[in-house]
Amino acid sequence: MPPPNWLTIIANISLILAFASAFVILFDIFVRGYRQKMFIMEWVWPITALYFGPLGLWAYWDMGRPSSKKHLKREGRDKPQQPFWKTVFVGATHCGAGCTLGDIIAEWGVFLTGFTLYSSNLLTEYIFDFTLAYLLGIIFQYFAIVPMRNLSFWEGLKASIQADTFSLIAFEIGLFGWMALMRFVFFNPPLEPNDPVYWFMMQIGMVIGFATSYPMNWFLIRKGIKEAM
């Protein structure tokens, strides 16, 4: 039984708002010139908007834009002044962007190829989602940590693994739990990635993942294991 029409309408609206929010952020960064001090954040913010939608746009305007070179120069500062909870929020977006991008690629890859492991689509999605999210998360973390600490390649890789592993696991715990509910509780037959409702539900799952990763990011940043973004 397909999802009800009202849910499909909500899903389409949510996805349109998400892409529009991501476009506004990209336009502000690359056209209006609000380039980030840390270049990897120029991609973190629009990816964040893909699941947070307009809330992601608000977060960029409140926390991302003040970190831009243009804004800091105008204010005569080297870095933005913000409370610690916002620092953690930005750190969680950094973790969430790698997870989200990896999950999107993996979900489409599994769907389009029809590849399964142990006759379980969900287990296959879990494995590929986690693998790609972890690889991309380490890459994102590497390009944040190395310039800030002036590390060599191997030192930077080790630091990236230390900083990203537990925050990524915390994110995926929230997302994977939601994906299990999507498959076994909410929809029968299960949704597929070619349905907009699937991606609307994944948006919710990614927000849940962000929430479950937030305390871990707080701990990692407080302990100096993960750099403040």
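This is a predicted model: local features need pLDDT of at least 70, side-chain atom pairs count only at pLDDT 80 or more; totals for chains, interfaces and linings use all residues.
Helices here are DSSP runs of H or I with at least four residues, numbered from the N terminus. An axis is a line fitted to C-alpha atoms, for helices over the stretch in contact, and an angle runs from 0 to 180 degrees between N-to-C directions.

Residues are numbered from 1 along each chain as its sequence is written, and side-chain values use heavy atoms, with hydrogens and water left out.

I'll start with one helix pair. Two packed helices are described by the angle between their axes and the distance between the axes. For α5, residues 84–113, and α7, residues 153–186, the angle is about 45° and the axes are 10 Å apart. The pair is therefore oblique; angles under 35 degrees count as roughly parallel, over 145 as roughly antiparallel, 65 to 115 as roughly perpendicular, and the rest as oblique.

Contact means heavy atoms within 4.5 Å. On the α5 side, the contact with α7 is made by Cys95, Gly96, Cys99, Thr100, Asp103 and Glu107. From α7 come Ser167, Leu168, Phe171, Glu172, Leu175 and Met179.

Next, the core. A nonpolar core is a set of buried Ala, Val, Leu, Ile, Met, Phe, Trp, Tyr and Cys residues joined through side-chain atoms within 4.5 Å. Buried means under 20% relative accessible area, exposed over 50%, and partly exposed in between, with a 1.4 Å probe and protein chains only. The largest such core has 47 residues, and Trp45, Met201 and Met202 touch the most other members. Elements giving it two or more residues include α1 (5–30), α6 (121–149) and α8 (196–222). Its largest share, eight residues, is from α8.

Which residues does Met202 touch, not counting those up to four places away in sequence? They are Glu107, Leu175, Met179 and Met182.

Last, the backbone. Most residues other than glycine have a negative phi, and most peptide bonds are trans. In the loop between α5 and α6 sits Tyr118, with a positive phi of about 55°. Ser119 is in the loop between α5 and α6, and its phi is near 60°. Are these residues buried or exposed? Tyr118 is exposed, at 71% relative accessible area, and Ser119 is exposed at 75%. The peptide bond from Asn188 to Pro189 is cis, with omega near 5°; Pro189 is in the loop between α7 and α8.
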